[in-house]
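Hi everyone, thanks for coming. Please bring up the structure on your screens, and we'll walk through it together.

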Amino acid sequence: MLMPITYAEKNLFSKNAQEIVVELLDRSYDNSVLLFKVLAHSVQNNATLVQSLDESIFENTEVFKEQFSNLLQHALTQAYTHKQVMTESTKDYSVKELSKYFGVSVVSIHNWLDQGRFEGIERAGDHKHNRISGDTLYITAAGKKIRVDEVVKMWEQQELEHEQQHQQEDNLSYYTRQIAMYEHKYNGEYEATLGAKNELTPEEETDAQVWKHLLRRQTLEFRNTKE
């Protein structure tokens, strides 16, 4: 299967198309003419593009640069559109949705956008809202990259597993067992571990959110059983 073109790569190529043309022409003008002709006749939906061109464009370097840049933009559009058709349609996610899937606050997602943790995505301006494509690469604190839709799949898998486990035991037992897992992981209760820290790593922040949720649910179940 061909390597997919990510949303960030699409934007980067579009931004650098003119620079790519200049580099190609500087290396070999004749080879650039050959490449231009091959591309012009090989990309999809090229009828309008090819019909509007003739050999005269190669006589003027500036005209050739402009037409070459236009051709690359057209090729990019066709390639990215083809990729979307050949694969499952990529969903866009709001900041609020991502906060759920990553297990952090909306503020944390905004901070990650400011830090460039979503490759190729800049934080939207005032009164605007980010929509982040599923094929966007998220950069972890350790520098590893993972697609946003992979994070979503992992969240959905965990939810499915939790639901299956939940169905096999009563609510109170489920929440108590989950809390015990976190107490074992951090060698103590929430208030004495993550709850006592001023700064948390991304993993700890995620665990803290889930852990607090479980504690709240456990408290409610205790009340329900006493009633």
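Let me start with a question: where is the place of Asn187? Asn187 is in the loop between α8 and α9. Before going further, a word on the source: this is a predicted model, where local features need pLDDT of at least 70, side-chain atom pairs count only at pLDDT 80 or more, and totals for chains, interfaces and linings use all residues. Residues are numbered from 1 along each chain as its sequence is written, and side-chain values use heavy atoms, with hydrogens and water left out.

Back to Asn187. Asn187 is not a glycine, yet its phi is positive, about 60 degrees. For background, most residues other than glycine have a negative phi. Asn187 is also exposed, with a relative accessible area of 71%. On the terms, exposed means over 50% relative accessible area, buried under 20%, and partly exposed in between, with a 1.4 Å probe and protein chains only.

Now the overall layout. The protein chain has nine helices and four strands. Those are DSSP runs numbered from the N terminus: H or I of at least four residues for helices, E of at least two for strands. Along the sequence, the pattern reads α-α-α-α-β-α-α-β-β-β-α-α-α. Of the 227 residues, 32% count as buried. Contact means heavy atoms within 4.5 Å. Among contacts between residues at least 6 apart in sequence, 55% join residues at least 24 apart.

Next, a helix pair. Helix α5 (residues 95-102) and helix α6 (residues 106-114) pack at about 105 degrees, with axes 8 Å apart. The axes are lines fitted to C-alpha atoms over the stretch in contact, and angles run from 0 to 180 degrees between N-to-C directions. Since 65 to 115 degrees counts as roughly perpendicular, α5 and α6 are therefore roughly perpendicular to each other. From α5, the contact uses Val95, Lys96, Leu98, Ser99 and Phe102, and from α6, Val106, Ile109, His110, Trp112 and Leu113. Those residues divide into seven nonpolar, two polar and one charged.

On to the aromatics. How many aromatic pairs does a search of the whole structure find? The search finds 18. Rings of Phe, Tyr and Trp (its six-membered ring) pair if their centres lie within 6.5 Å; planes under 30 degrees apart are stacked, over 60 edge-to-face, and the rest tilted. Tyr93 and Tyr101 are edge-to-face, 5.7 Å centre to centre with 85 degrees between the planes, and both are buried. Tyr182 and Trp211 are stacked, 5.7 Å centre to centre with 20 degrees between the planes. This second pair links distant parts of the chain, with Tyr182 in helix α8 (residues 171-186) and Trp211 in helix α9 (residues 202-226), 29 residues apart. Tyr182 and Trp211 are both buried too. There is also an aromatic cluster formed by Tyr29, Phe36, Phe58, Phe64 and Phe68.

Leu49 is in helix α3 (residues 47-51) and is buried, at a relative accessible area of 16%. Leaving aside residues up to four places away in sequence, Leu49 touches Leu71 and His74. Thr136 is in the loop between β2 (131-133) and β3 (137-139). Is Thr136 buried or exposed? Thr136 is buried, with a relative accessible area of 1%. A polar atom of its side chain lies 2.9 Å from the backbone oxygen of Ser133.

How values were computed:
A polar contact is a pair of N or O atoms within 3.5 Å; within protein, one must be able to donate a hydrogen and the other to accept it, and residues adjacent in sequence count only if both atoms are side-chain atoms. Angles under 35 degrees count as roughly parallel, over 145 as roughly antiparallel, 65 to 115 as roughly perpendicular and the rest as oblique. Ala, Val, Leu, Ile, Met, Phe, Trp, Tyr, Cys and Pro count as nonpolar, Asp, Glu, Lys and Arg as charged, and the others, Gly among them, as polar.
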